[in-house]
Amino acid sequence: MLMSPVEFYRNLPKKECPECGQHMEEQAESYMMECERCLAKKEE
Ligand SMILES: [Zn+2]
């Protein structure tokens, strides 16, 4: 059974930071895997 694109995106799991497991807001930059807090930590 085919799902409409809207249904498909609604069923996608929420983006989660692999470092701390925190749920993130959808980012336009898809290359960002970690949340801003963990990214900031890595840059130090
Ligand atoms: Zn994180």
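Colleague: What percentage of the 44 residues of the protein chain count as buried?

Modeller: Quick caveat: this is a predicted model, where local features need pLDDT of at least 70, side-chain atom pairs count only at pLDDT 80 or more, and totals for chains, interfaces and linings use all residues. Residues are numbered from 1 along each chain as its sequence is written. Buried here means 20 or more other C-beta atoms within 10 Å of a residue's own, exposed means 12 or fewer, and partly exposed is in between, with C-beta atoms placed from the backbone. For the 44 residues of the protein chain, the buried share is 2%.

Colleague: Is C35 buried or exposed?

Modeller: C35 sits in the loop between α1 (5-11) and α2 (36-43). Its C-beta has 21 C-beta neighbours inside 10 Å, so C35 is buried.

Colleague: Which residues is C35 in contact with, leaving aside neighbours within four places in sequence?

Modeller: Contact means that the two C-beta atoms, placed from the backbone, lie within 7 Å. With neighbours within four places in sequence left out, the partners of C35 are C17, C20, Q22 and M24.

Colleague: And C20, is that one buried or exposed?

Modeller: C20 is also in the loop between α1 and α2, and it touches C35, R37 and C38, not counting residues up to four places away in sequence. There are 11 other C-beta atoms within 10 Å, so C20 is exposed.

Colleague: How many Å apart in space are C20 and R37, C-alpha to C-alpha?

Modeller: R37 is among the residues that C20 touches. In sequence they are 17 residues apart, and C-alpha to C-alpha the distance is 9.2 Å.

Conventions:
Helices (H or I, at least four residues) and strands (E, at least two) are DSSP runs, numbered from the N terminus.
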